[in-house]
Structure formats: C-alpha cells, structure tokens
Amino acid sequence: MLNFLAKFIEDRNGNFAMMLVFLFVPIFGGVAAAVEFSNLTRHQSKLQAAVDAAALFTGKHNLEKSKLPKEADVLSFVRQNFDGPVDGVKVNRVGDNIQVVANAVAPDLFFGSVFPQVFLREAEAYVPAADAGAAEVVLVLDNTYSMTADGKMASLKKVAKDFVADMQAKSLKKGDIKIGLVPFDYHVNVGKHNRNASWMNVPADTSETKNVCRNQRVGGTKTCEQRTRTRDGVTETYNHCSWSGGTIQNVCKNETSTRKWHGCVGSRPAPYTFRDDTPNVKFDGMMNVWCSNPIVPLTDNLASLNTKIDAMTPNRDTYMAPGVMWGTRVLSEIVPFSEGAASATGVRKVMIVMSDGDNVRSNDLANNNSGHWSKNGVQGDTNTRSACTTARNDGVLIFSIAFGNSISTRGQAVLKDCAGPNGGYYLAKDAKALEQAFKDIADKIIRLRLTG
C-alpha cells in the first residue's frame, strides 16, 4: 500500500488533474452555498419590506374605511412592491393588531429545484388596528461653511426633502408623522419671535451714535497678495492687502453702533447645559450674532417643511452639541418647544444628526460666557457626546450620518458614539450614499411604527 502511494505521488502525469477534480466538488459546493445564502438573504429582505408596506396599507385602509381590505388587493400591493413571484397573502386580526403574511418561493440558483420546500420564504408584519403608532422626527442638519464644498448642501436639501416626502407617503392618517428641523452651525437660531418667551433672556436692541476719532493712513501704497486660510475645514484663497507710506492723521467722524438680536442663543450653565428641564433657567440671547435659519418645531404640515429646507444656507463653524441639544428640546412636550407628544403616549421619538465636519468650536462656559466662542474642538466633541447621551436617556432614538470626505476619523467617532448602541451610524462619502442612508433610516422608522 505504501509503495502504491509513493508511486502515485511521484507520478506527475495525471495526479494533479485528478486532485483538482476531487477538490472541485467541495469548492463548487461552498461557492454555490454562499451565493445561494446571499441570494436568499436579499430576497427575504425585499419580501419583508414589501410586507411591511402592505401592513401599513392595510392599517390605513382599516382606519379610513373601518374594515380590512380584500386579500386580493393586499396581494396585488405586495406584488407591486416585490420583484419576484408571491404565492399568497393572508390578512388576519390578531388581538388588537392586524397581521399580514405573504409567501414567496426564492429564485433557484443551485439547490432550489432539489429542495423546493426549503426555499419557500415567508414574511409577516403587524400593525395596530386602532392606530398605526405615531412617530416624531427631528432633522438636526449641519449648516456650516464646510457644506459649501462639493455641492454637499444641494445634495442634503434634495435628500432631506425626499425623506420628508417618504414619511408623508407612509403616513396612515394626518398627524401620525411629525417632523421638525434644527439647522446648526456653532449656534442655533430659536426664532426672533421667541424674544419675550419666559425661557429667554434677551437685552433690548440698542443703537448709539458717537463722534469717534481714529488714526488713519492718508495716501501711501496699497499692496495685495493671494493667501490661503482654512474655514471650518475648507481651504480657501483670499486677498491680503497692506499699506505703506503716506501720513498718519487723526480723523474724527460720527459712527453708529448697534446691538441687535437675530435669534441666536448660547448655552445654559451646568448642570442645565444639556438638559431639557428647568425652563426657569433662561437661555441668553447672543447679541450681534448671526447663525443658521430658525428652528422649525414639529409639524404635520410636511409640505411646508420643504420651503424651510430649501432656505438653509451654509456658513460659520461646526459645533454639533447645540444642534443635538435643541433637537431634544424640539421633541419634548415641555418648553422651550412643547409640540412633542407626552412620553406616556408611546409616540416614537427619533433624531437624525448629520454633519460633514469635525467640531472646531465649543461653548465658553469656563470663561463665564454663554456663547460658543471657544475654539477647543476636542471639548466640543465631549459636549456633543454628552448632549447625545442626554437625548438617548430621554428616550430619543438617534441616527447619525457622517457626510463627505472632509470629516476625520475623530469626527466620525463622535457621530458613531452619538447614535449609541440602539441607533444607527452611517458613513456617507458622497451624495448617493447620503441618499441611501436617509432611505434606510426611513425604512427603520417605519419598522418602529409596526408592532412586530
């Protein structure tokens, strides 16, 4: 026997080919199984999505017509949203819920024709018979200068409006989906109409004219050169000019100085910095500060929200924490914003945080200033994590998106930590990936509104 094996090993003519034949069967089987598994997983996911949509369709019909739709109509709905054959659909009342079940056979690749029953797929979804489960969503969106690069702001506006339309299309009845908007830079705008709100501390606008004398250069030569600088992570070119020669003279003239509030607010001192309670501890209005467009409170008039999204304009530096803080307050049922449903109602609270850059600012509370003037971005990271933890502890589910190529691994880590273990983090390097991230989040929100 040993002599035979030795001769087999020494024979170079056909042994290698024979070994390949022997190895081909398990290799082919493994590849086939992997392909089949991938195909089945994709098929099952698409079937589940179609059945989820059918359950919402069924729930909406039940609320509007006070009766279940015909199973043939539900079957037709599933087939319209699924790219494979569907064997049948069952619609049942199960306690306080409506159940939709669909069966489909997965496409045959290798093993389906041998074991057809093994590859019979089933998906089911439940929706409450009385109410489909409301959801409140706040979009916390980066409106900083870095969003001017690579067409990112235009992409964000389109994707955000598509998200709103998707939510509106999936509403079972008016009011069960509400969406708010918090544009942020390193401050947040609560709206000038809230100047006299009980939770605001805003000095009166003032204007004063004085005769001011300053030394000024008269005559001389102006020399300009091109220089580069970084604004919110974006490198830009600008003209730097200097003067030489001439004479220095003391020139006096009347100058008017103003102090005006444009709606921007700072942070409250600890321990109220990240919290939504204790509204008697007021927010300081930041005088002579411009910031992003005003917050849009939760609304079910989703069409009007699109005009606010279109109005977003990128400028200034990144500090995510105030966006998250005010996102939590928008979802709340107490002032400053009280449009949110009470937590006892079981309404799902969802926050979507999107940023394309690292924190480059933080609050300046260490210097007894409520404004966000500090350029300690690392402290801004710590504050953002604290704001996100506070929101999650308040029952808010957070989805976060890092958009584009300018955000570093540090910024990505902040957003990933912000979502926490129960939310979802997305890295969207381009507009297509951003669109897919919002679509995926929309699907997950709809799943939250189903009961099983």
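**A tour of salt bridges and a helix pair**

In this predicted model, the count of salt bridges comes to 17.

Select Glu255 and Arg214. These residues form a salt bridge whose closest N and O atoms are 2.5 Å apart. The pair connects distant parts of the chain, 41 residues apart: Glu255 belongs to strand 11 (residues 247-259), and Arg214 to strand 8 (residues 206-218). Glu255 is partly exposed at 26% relative accessibility, and Arg214, at 41%, is also partly exposed.

Next, select Arg275 and Asp277, whose side chains form a salt bridge with an N to O distance of 3.0 Å. Arg275 has 29% relative accessibility and counts as partly exposed; Asp277 is partly exposed at 32%.

Proceed to helix 9 (residues 431-449), which holds both Lys439 and Glu435, 4 residues apart, or about one turn of the helix. Salt bridges that share partners also join Arg229, Arg231 and Glu236 into one network.

Finally, display helix 7 (residues 377-393) together with helix 8 (residues 409-419). Their axes come within 8 Å and cross at roughly 15 degrees, so helix 7 and helix 8 are roughly parallel to each other. The crossing of helix 7 past helix 8 is right-handed. To see the contact, select Gly377, Val378, Asp381, Thr384, Arg385, Cys388 and Arg392 of helix 7, with Arg410, Ala413, Val414, Asp417, Cys418 and Ala419 of helix 8. By class, this contact has 6 nonpolar, 2 polar and 5 charged residues.

Technical notes. Residues are numbered from 1 along each chain as its sequence is written. This is a predicted model: local features need pLDDT of at least 70, side-chain atom pairs count only at pLDDT 80 or more; totals for chains, interfaces and linings use all residues. Side-chain values use heavy atoms; hydrogens and water are left out. Axes are lines fitted to C-alpha atoms, for helices over the stretch in contact, and angles run from 0 to 180 degrees between N-to-C directions. Helices (H or I, at least four residues) and strands (E, at least two) are DSSP runs, numbered from the N terminus. Angles under 35 degrees count as roughly parallel, over 145 as roughly antiparallel, 65 to 115 as roughly perpendicular and the rest as oblique. A crossing is left-handed if the near helix is turned anticlockwise from the far one by less than a right angle, and right-handed if clockwise. Contact means heavy atoms within 4.5 Å. Ala, Val, Leu, Ile, Met, Phe, Trp, Tyr, Cys and Pro count as nonpolar, Asp, Glu, Lys and Arg as charged, and the others, Gly among them, as polar. A salt bridge is a side-chain nitrogen of Lys or Arg within 4 Å of a carboxyl oxygen of Asp or Glu. Buried means under 20% relative accessible area, exposed over 50%, partly exposed in between (1.4 Å probe, protein chains only).
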